[in-house]
Amino acid sequence: MGKDMEVAEQGSFSAKDYHDPPPAPLVDPAELGKWSFYRALIAEFIATLLFLYITVLTVIGYKSQTDPAINADACGGVGILGIAWAFGGMIFVLVYCTAGISGGHINPAVTFGLFLARKVSLIRAVMYMVAQCLGAICGVGLVKTFQNSYYDRYGGGANELAAGYSTGTGLGAEIIGTFVLVYTVFSATDPKRSARDSHVPVLAPLPIGFAVFMVHLATIPVTGTGINPARSLGAAVIYNQKKAWDDQWIFWVGPFVGAALAAFYHQFVLRAAAAKALGSFRSSSRV
């Protein structure tokens with residue numbers, strides 16, 4: 001019995017044994033010479049392309065199935081619940097597929113939050129955002145190619161502030177929605193949790209996808225749910241209508257502010273990064 005207790009104590013996780021991984025360099029030119037960097041860019045591009053293709057196609061399909069102008073069934077189609085599942089389910093699938101290659105960001109707001117937390121370098125963050133936006137444009141372009149007769153008629157899946165809602169309400173919905181998503185990303189991928197619980201890396205895509213699902217349920221009636229600037233930009237570029245462009249800033253400012261708040265909350269409040277840095281500074285000054 002005593003021997004079993006000793007083995008259990010040796011195998012258990014201790015906070016004292018854990019050390020935070022070093023922060024990513026702000027600028028790392030060496031990345032540009034590595035194939036793994038370009039492989040990650042390709043993964044982000046393809047993942048965002050597939051994400052927009054499936055989700056925007058779902059939105060247009062739902063609207064075409066419930067269009068009163070053609071005497072469609074108002075209760076037909078997948079409904080808002082189905083649209084939310086399409087977005088959340090695709091994020092779950094794509095994060096699971098690409099997490100080991102690129103980290104499975106698929107969203108400039110997620111990349112921005114991770115950059116602020118020094119999880120990725122500036123070069124990687126910028127190039128990821130470019131790949132994500134290009135992938136989103138191509139994904140929506142495929143939707144228009146295959147559904148040309150329905151695409152413009154049913155709004156192109158573009159994010160727009162719904163009638164009856166103020167700009168402040170829309171902006172607030174995007175900030176809070178993105179905060180929920182990015183906070184979940186930080187929590188699900190926290191290296192301290194991964195060190196303590198071996199199952200966490202495997203399950204990480206599930207809460208991330210579920211966060212996307214829940215946020216869509218809440219904010220589809222308000223903004224159509226952006227929380228992903230690449231998603232909003234891709235649809236706006238292909239749809240190319242004035243209302244979509246007029247509201248576009250909401251779907252960049254809101255998600256970036258929400259991501260920044262989530263990064264600050266997780267790093268400096270929950271993980272107490274500022275307190276740790278101050279403690280290290282005091283220890284070194286005493287020496």
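1. Buried means under 20% relative accessible area, exposed over 50%, and partly exposed in between, with a 1.4 Å probe and protein chains only. By that cut-off, 44% of the 287 residues of the protein chain are buried.

2. The model is predicted: local features need pLDDT of at least 70, side-chain atom pairs count only at pLDDT 80 or more, and totals for chains, interfaces and linings use all residues. Residues are numbered from 1 along each chain as its sequence is written, and side-chain values use heavy atoms, with hydrogens and water left out.

3. Overall fold. The protein chain has 14 helices and zero strands. Helices (H or I, at least four residues) and strands (E, at least two) are DSSP runs, numbered from the N terminus. A contact is a pair of heavy atoms within 4.5 Å. Of the contacts in the protein chain with a separation of 6 or more, 79% join residues 24 or more positions apart.

4. Surface. The protein chain exposes about 14400 Å², and 66% of this comes from carbon and sulfur atoms. Accessible areas come from the Shrake-Rupley method with a 1.4 Å probe; for residues, only the protein chains shown count as cover.

5. Record against model. UniProt, in an unreviewed entry, lists six spans as "transmembrane region": 41–62, 82–101, 122–143, 163–186, 198–218 and 249–270. Positions are in the numbering used here, feature names are shortened, and annotations may be inferred rather than shown by experiment. In the model, residues 82–101 are 85% helix and 0% strand, with end C-alpha atoms 29 Å apart. Residues 122–143 are 100% helix and 0% strand, and their end C-alpha atoms lie 32 Å apart.

6. Nonpolar patch. Leu26, Val27, Leu122, Val126, Met127, Val130 and Leu134 form a nonpolar surface patch, with about 550 Å² of accessible area together. Like charges are joined within 9 Å, and nonpolar side chains (Val, Leu, Ile, Met, Phe, Trp, Tyr) within 5 Å. Met127 sits in helix H5, residues 122–146. Met127 counts as partly exposed because its relative accessibility is 33%.

7. Phe115. This residue is in helix H4, residues 108–116. Phe115 counts as buried, at 16% relative accessibility. Beyond four places in sequence, Phe115 touches Leu26, Val120, Ser121, Leu122 and Ala125. Phe115 and Leu26 are 89 residues apart in sequence, yet 8.6 Å apart C-alpha to C-alpha.

8. Met90. Helix H3 (residues 79–98) holds Met90. Met90 is buried because its relative accessible area is 14%. Leaving out residues up to four places away, Met90 touches Leu50, Phe51, Ile54, Thr55 and Trp85. The C-alpha atoms of Met90 and Leu50 are 8.4 Å apart, across 40 residues of chain.

9. Asp190. The loop between helix H7 (167–188) and helix H8 (191–196) contains Asp190. Asp190 is buried, with a relative accessible area of 7%. Its side chain makes a polar contact with the side chain of His266 at 3.4 Å. A polar contact is a pair of N or O atoms within 3.5 Å; within protein, one must be able to donate a hydrogen and the other to accept it, and residues adjacent in sequence count only if both atoms are side-chain atoms.

10. Backbone check. Ile106, in the loop between H3 and H4, has a positive phi near 55 degrees. Thr225 has a positive phi of about 65 degrees. Most residues other than glycine have a negative phi. Ile106 is buried at 0% relative accessibility, and Thr225 is buried with a relative accessible area of 0%.

Notes. Patches are made of residues with over 30% relative accessible area and no salt bridge: like charges are joined within 9 Å, nonpolar side chains (Val, Leu, Ile, Met, Phe, Trp, Tyr) within 5 Å. A salt bridge is a side-chain nitrogen of Lys or Arg within 4 Å of a carboxyl oxygen of Asp or Glu.
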